[in-house]
Amino acid sequence: MVKQFLMNLLLAFTWVALTGTLYFSNFLFGYATGFFLMWVMNRNEQDHRYFNRVPKIIGFFLYFLYQLIRANIQVAYDIVTPNFYMRPGIVKYPMNARSEIEINLLSTVISLTPGTLIIDVSEDQKVLYIHVMYLKDKEQFIQQIKDGFERRLLEILR
Amino acid sequence: MTDNTIIFPVITHLFIAILSLFFWGKATAQRIISVVGSVIAMVMAIALFAEVWNGGILTMQAANWEAPFGISFVADVFSSSMVLLASFSGLAVSIYSVTGVARSRILYGYFPIFHFLLMGLNGAFLSGDIFNLYVWFEVIIIASFVLMTLGGRKAQIEGSVKYMAMNILASAFFLTGIGILYGITGTLNMADLSLKIGALENQKLVDITAIFFVIGFGIKSAVFPLYFWLPSSYHTPPSAVAAVFGGLLTKVGIYALFRVFTLIFIPDDFISTLLIILAVFTVLTGTFGAVIKNNIRRLLSYLIVCHIGFMIGGLGMYSEVALTGALFYLFHDMVVKTNVFLIAGLIRKMRGTMNMDKLGGLYAAYPLLSLLMAIVLFSLVGIPPLSGFWPKIYLFEAGFMDGHYVLVAAIIIGSFATLYVIAKLWASVFWKNQPDMGDDPVLTDDFKPLSKFRKSLLVTPIIFLAVITLYIGLGAENIGLVVKHIAREMKDTTPYIEAVLGTN
Amino acid sequence: MLIAVLAGLIVSILYIPFGKYLKGRLAVLVALLPIGLFAYFASFIPMISNGGNADYQYPWVPSLGINLDFRLDGLSLLFSLLITGIGSLVYLYASSYLKAHPYLDRFYGYLSLFMAAMLGVVLSDNVLLLFIFWELTSISSFFLIGFNNDSAESRKSSLVALAVTGGGGFLLMAGFVLMGHLSGSYSIQEMVQSNEFLKNNSLYPLMLLLVFAGAFTKSAQFPFHFWLPGAMKAPTPISAYLHSATMVKAGVYLLARIYPVLGGTDYWTYPLIIVGGITMLYSAFHSIFRTDLKGILAYSTISALGVLVFLIGIGTAQSLLAASVFILVHALYKAALFLITGVIDHETGTRDVTRLAGLHKVLPPLAVGGFLAALSSAGLPFTFGFIGKDLIYEATLNTDSVMPTILTTLAVITNIFLLYAGLLAGLKPFTGRLPTAYAGIHLPHWLMWIPPMLLSLLGIAFGAFPALADTALLNPAAAAMINKPIDSPLKIWHGFNLVLLLSTVTLILGAVLYLIRKPSAGGLARIERFDYLSPRHLLTKIVYYSKKFSARYTQTLHSGFLRVYIFRIVTFAVLLLGFRLLTGGPVWFTPNHLSPISVYEVVVGGILIVTIYLAVTTLSRLTAVVATSVIGYCICLLFVFYSAPDLAMTQFTIDTLTVVLFVLVLFRLPPFLNFTNRLARMRDWLLASSFGAIVSLIAVQVLNQPFDHAVSRFYGENAYLLAKGKNVVNVILVDFRGVDTMFEIVVLAIAAIGVFSLLKLKLKASEKE
Amino acid sequence: MELLIVILIGVLYASGIFMLLRRSMVKLLIGLILLGNGANLLIFLLGRITKGKPPVIDDISPIFTDIYADPIPQALILTAIVITFGLQAFAIVLLKRVYVLINSDDLDDLNTPEEEDI
Amino acid sequence: MTTVIICVLCTIGALAILAAAIGILRMPDFYLRLSVSVKAATLGGGLLLLAAAIYFPEVSVTTKALAIIFFMTLTGPVAAHLIGRTAYFIGTEQWKGTVRDDLAGMYNKETRELNSGDEKKEEGHERTGEQGHE
Amino acid sequence: MKSTILKTASSYLLPILLLFSIFILLRGHYHPGGGFVGGLIASIAFVLHAFTHSTDDTLKLLRVHPGTLIPVGLGLASLSMFAPVFTDQPIMTGLWFKEPFPVIGMIGSALFFDIGVYFVVVGVVLTILFTISQYSE
Amino acid sequence: MMLSTYIDYVIIPILGLSLLLVFIRLVKGPSIVDRVIALDLLISIGVSVIAVYSISTEKTTFIDIAMILALIAFLGTIAFSYYLEKRGRK
Ligand code: NA
Ligand code: NA
């Protein structure tokens, strides 16, 4: 998988060298082209992880972006309008994530999404305490995170 | 023209300090490095002085950029003789420190800082660039902060706070002055500044800038009403440190005042009057303080203030004779003040205190050493023909020449007070019988049990400086030639400017 | 000559290493020094008496006009012989007097030093050289008076003596410098040439004032006389030598020496007559109340010095001759009396004249000596004292400037008292009935009684044969003073005239006084009731109050409160800058090319100001720190807007590190308390804002000036081409002005070491320094 | 714009001085920092200011093609900032020492009487 | 085209920041302010930096801009978490409208260790955190 | 501080920041940056590490006491300053290799000087901060 | 040209206004943690200002400052939390 990633990078650089313009956009284009070519050529191979994961990463990124914008708008609306519709609270969230990197990424994305913020991780690394701005129902909130961010993240990382 | 000899006195101390840092935690090695290095530095200083005295002003343009663009180092007779005198005091204190400074202090960087301080002093003397001078001053004050607090107990720390606050304030004034100076001239090179300030029509701005320098350097050289940090702190650090402070530190402020006010701002009536008024009050303030103090170092601190007034007065009068007198006094003072503080340290070693009420019997216990100290103490007073006597002739003459009778009177009062307090000191510390020490653990003779070698390490520097003092006194002719030469250089800055900027 | 002058100095230095061998009878040998010198100076008598002078010049500090110029003329020869002659006797005497003293070597060391200094004073032909030796006499006498340094009184007396003579010394020095400055030379001979110029100078009175101050303090003139009785704490040989025969006469010598330069005017005459007159009368009167032999002698010495000053003040040829005679007369009998007193003290253990009597039985040779000295001091015919007294009266009677009657009356009264004092010291202890306590006394070693005998006999010898001293010594001395030869030989017999009558009256009244008045403790107590009026007492008061003032001044100024100091410093700055800013030209703003203002600058500026307000007023330390860092960040933004990226980067990082540092340090500290009251805060605000306003105004003034970009243009042009860098600021830092950077990192290094040691170093209890 | 900075300089100096006159050592240190900032800004202003033209030569050109801000004050201030940092660091630690020693940061408590001298 | 994109990015970014600013000013308690400010600022700053990354063609600049975005994204939440929990330690008050606080009593007073609330079953020791927030 | 999240984050941040600091150091002659800022950033990296782990851990990571960097840096800087003396030129004169090096550009004494500055700054800042944070009264 | 005008007259004022608002929070507090986050946000806005300023002046140099600023903000916040936690513990 690392091999494929390096290969893809090499292709991207080759592209840059060929076209002779060291712009970022050009590099990205080279990378995308390289990915496509590798995907085409590797269809018969066993190991598809690299080709599965890259779209998943992009998917996760898009999902995150969607959440970000949605929540931002929600919060921004609440901020600029005179009345508050908030129901803030701190929720204990039992994680599936176990390794440090998983916990870190999970908490980062949760925190980055407006309306939710990690306050702390328990000592035994099983539970996240999340400050939530619009807490309608605790279970529903936990489920939303579980199906949303955590599942997608763990899919990429595991 | 370009000659690296100038920078060697600076570089030597820099390398000594760095080398000592590499020997962190090894006290003996640092001691040896320091003493050997100080000897080398002295040789360098002598070489520099000889070269300047024989061959005229030396300059070095650091980084090889022609004059107003790089940083110039200039060694004229003034700066090279300051370097020379500082190297004497430096060597003496370095030797004294071998036994005189507690081992713990040496283990925590005493020697590197000490040499950084000497480096800073030499740098300040030799710099020909006003901002570079600021940097040297900062090197000096941070080094002095550290020396002042090194291993400090309560009183020392308290003194340091005041010392620090007022010195940083001084730096702020100095820096502000530099800012304004750059704002009106666009240059930092002192020779260039001399020309540009001379050509400036706005005398008001020049005076205002000058005031910032008066205050900045005035604080550092402990001029009334800016002197407060000095008596608050000089009685607290270890004696070796106090010796450097008393002998060299305030003098670098004086040096800067002389340099700036003879090269860049030529004193007009306003500045001249101001300096003279300050001088009179400085002398009197020092006098009043010294008369009432019972602790040797507190007393000496006020004497420093008092004598600073003499020099500032000389600068204020700004005639060749006056400058000669002030410079002569400066030279004498650098050596003697270092020595009296070393002596104070030795006294404390012998009795564990500097409180004159608790002291006594030194003449009976150490007759020869006492006589040695007497010579130094009476040199400080200026008993003729010892060193402090000669400059007063010039100062009196200058005072009479331009009718500054009040200043002359102040100098007489100051001299009289010095005589009185030193005689009192002698009577109560050396003549008086040792009062009962009781079983105070502080009041013990730590000198007697020392080995002969260690004793000699404490006494040699005092003898060394005493010999120099005697030379200044008895060889006044030679010193007179040097200071007259400097005074002429100060009155006619053309050679300096030409040496830096080239002739055109 | 140089060796002669410095011999004492050299010998005194030799005592330091070799003094310890100086024990017992060997000490006599040290007298070889003064004896040899005496012989040396005596060899000049023929030449001097023929009106010659001897000049010796050795270069020393030519640039200052100070050279080792010595001149031997009548006056200096007289003094040189006195110094070495009496010196010889004192040396001999002391070798026995202080035989068992553990610090005999020191004693001779100081004494030799003193002798050298004294010779220097009288032989110098250069005022500054004279002054150098003058001060050396003060210092060596300081050591001699304080010789018994374990006695508190002795220390105090030496301190007082040094303070008075030393203080006068500085004034004298100023006077000399003034004279030298005006006449263009420090050589006395050359000053004599320009004496008219000096006397007509507007600074002439000042000159005299300064010189007189030196002379009066040294010669114990009223009101500075009090140090001399105190100086009697010294061992008796020293009193004899310094405080009767030699040092105290240095002031008189000085007046005599500069008489040809400055003397002869009203400014000269009146002060000297008045001061000398008061001194002689006052001390003579005081001397009769003393009961301590040395006290009597001390006061009579002061009186004699007054007489001398008085005579020099009169300033006629006669009076100057009288002065030179009286110098010799007084030296001889007073030294003798002192040495005798020393023996009495040594043998009986007391100097109380009320308890001493009949000693002629046990100390017969001394009784003779004392008697002869008393006679000389009384001025009986055929003593040298008689000639002296005659000359004095003659001088006072024949003065042309001032009232002869008054002056003569003064002189007569003084002499009556002096006579009484002389008899009291020389006669009283030896006459009457010997108290049984002193019956067992033996005559001391001959070294102790021969010298006073010799002096007394000399007094008689000169009295009988005045010519012995006259042409050889006294005439040339007086001639040196008035700068021309004198031709009036000394005579024993002047015939029956007013002078003789006065002498007789003096004698009779003095004798009567001696017979009817007995010294008593009660008398002393009576006179001491008026002590609060005495100059000594007044001076003590002055010293007390000036110390009190000094303490108050120092305490007030140096109160220990940092903020007070800073307040003063800033006030000083504000006053100076404000004064200079508002005088000489208007303060206006002439904008030549202002950069445009934009929103973000205003926002940043506004934030900056509010944050500063917050930092200043908050009661939470942390808020203050946060605010401080915001201030730093805002300034960074300004740096960004005004094209200083390097600066902004550095300030950002450093500001943050400072905050981190603060934070690490602060967490134990309690919140701020508002210590100061409203009024103090208002006052501080006023001061601070005036300072801020002044700085702003100055900035505006500077902005009005045109600016010269030459240096920065040079940097811009050469940064890449010559220094191979494109970030000019960095090129400046590592190349153009790299030296700054080099030593700025040294500052950092020192700070780090300082922090390290400040927190880690803990001195052991045994480590005091 | 210069005028705004002139005012800021004045305010910085004034508040720095005011803080120096307080009794708390923390305030003293803050005062010194403010004063240092004021001095830096003063140097910056008096070296004349230029907007948006950093003294960095373009990548493609060997010399400046446009006007540029005076680099000297920048270098000076940079040096001053670093030096001041050294001093401040030391001063802050000294504050710590003082606090440990006398259990207060009140500057008025810093007066060991003369009788306790040794 | 690029210019338009940049303008849009800038505008959104600036507005996000403005929202954060209003939020931090208006929100009734610390946790809400924290919540609002971190994200909006990260978003806004990120967008503005993205605009710069697009505006400057040089790779070095673009890389730097992206690096800053990456850095901000990474550190923002961490910083928020730190200050949030610190605020909780020092007892910063919550808004009266707060509906739930699972964290109450979970911190060990002495060690500052945070319990998950599940230890009880596993290790069977007493919960020490009894301090609550009012 | 006991925070898993912070610890993890800072372990990633340390190398990134160090890299960044070297980048800033090396490009100083051409773009804003240089030894000072570079050194400051490097020290901030370690300070962050010390905050999140503990000072002792960071010291262990460094292996030598940061204080030793001070003489090393000072020595490097002062030798770069002093080197021209051997070629009989004033101190601080720039000595340059003839050809530019890849990535870094021209290499000369100024660069070594700047590296010396970098070391000193790192040494100083870390010495100060670590000393304070280890200080217990 | 148009871009820089847009930035100068639209974006910068918005950011300036934000700075002001955040600043008010900094001044108001009330708790120290409020101030800390306000400071953090101020620096973040500073980063943004510098970013757009570099676009407006076309100087890439300023991006570097933004980079350092971002780094610094983090350190500052951590330092304050460290402080507050330590103080709370005593
Ligand atoms: Na709303
Ligand atoms: Na620099």
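Biologist: What do the side chains of Arg737(C) and Asp129(B) meet in?
Modeller: The side chains of Arg737(C) and Asp129(B) meet in a salt bridge, 2.7 Å from N to O. By salt bridge I mean a side-chain nitrogen of Lys or Arg within 4 Å of a carboxyl oxygen of Asp or Glu. Keep in mind that this is a predicted model, where local features need pLDDT of at least 70, side-chain atom pairs count only at pLDDT 80 or more, and totals for chains, interfaces and linings use all residues. Residues are numbered from 1 along each chain as its sequence is written, chains are lettered from A and ligands numbered from 1 in the order in which they are written, and side-chain values use heavy atoms, with hydrogens and water left out.

Biologist: How many salt bridges cross the interface of chain C and chain B?
Modeller: The rule finds three there. Which helix gives the largest share of chain C's side? That's helix 32 of chain C (residues 738-760), with 15 residues; helices here are DSSP runs of H or I, at least four residues, and strands are runs of E, at least two, numbered from the N terminus.

Biologist: And how much area do chain C and chain B bury?
Modeller: About 10,300 Å² between them, with 74% of it on carbon and sulfur atoms. Buried area is the accessible area (1.4 Å probe) that two parts lose on being put together, summed over both. In residues, 103 of chain C are in contact with 128 of chain B, contact being heavy atoms within 4.5 Å.

Biologist: Which residues does Arg563(C) link up with in a network of salt bridges?
Modeller: Arg23(D), Asp106(D) and Asp108(D).

Biologist: How many salt bridges does the structure hold over all chains?
Modeller: 30. One of them joins Lys337(B) and Asp333(B), with the closest N and O atoms 2.8 Å apart.

Biologist: Why are Lys337(B) and Asp333(B) separated by about one helical turn?
Modeller: Because they're four residues apart in helix 14 of chain B (residues 320-351).

Biologist: Is Lys337(B) buried or exposed?
Modeller: Lys337(B) counts as buried, because its relative accessibility is 0%. Asp333(B) is buried too, also with a relative accessible area of 0%. The cut-offs are under 20% relative accessible area for buried and over 50% for exposed, with partly exposed in between (1.4 Å probe, protein chains only).

Biologist: What about the pair in chain A?
Modeller: Lys146(A) and Glu150(A) form a salt bridge at 3.2 Å, N to O. Those residues are about one helical turn apart, because four residues separate them in helix 5 of chain A (residues 138-157). Glu150(A) is buried at 1% relative accessibility.

Biologist: Which residue does Asp102(E) form a salt bridge with?
Modeller: Arg100(E), at 2.9 Å between the closest N and O atoms. Asp102(E) counts as buried at 13% relative accessibility, whereas Arg100(E) is partly exposed at 30%.

Biologist: Last one: where does Ser10(F) sit?
Modeller: In helix 1 of chain F, residues 4-26. Ser10(F) counts as buried, because its relative accessibility is 4%. Leaving aside neighbours within four places in sequence, Ser10(F) is in contact with Thr52(F) and His53(F).
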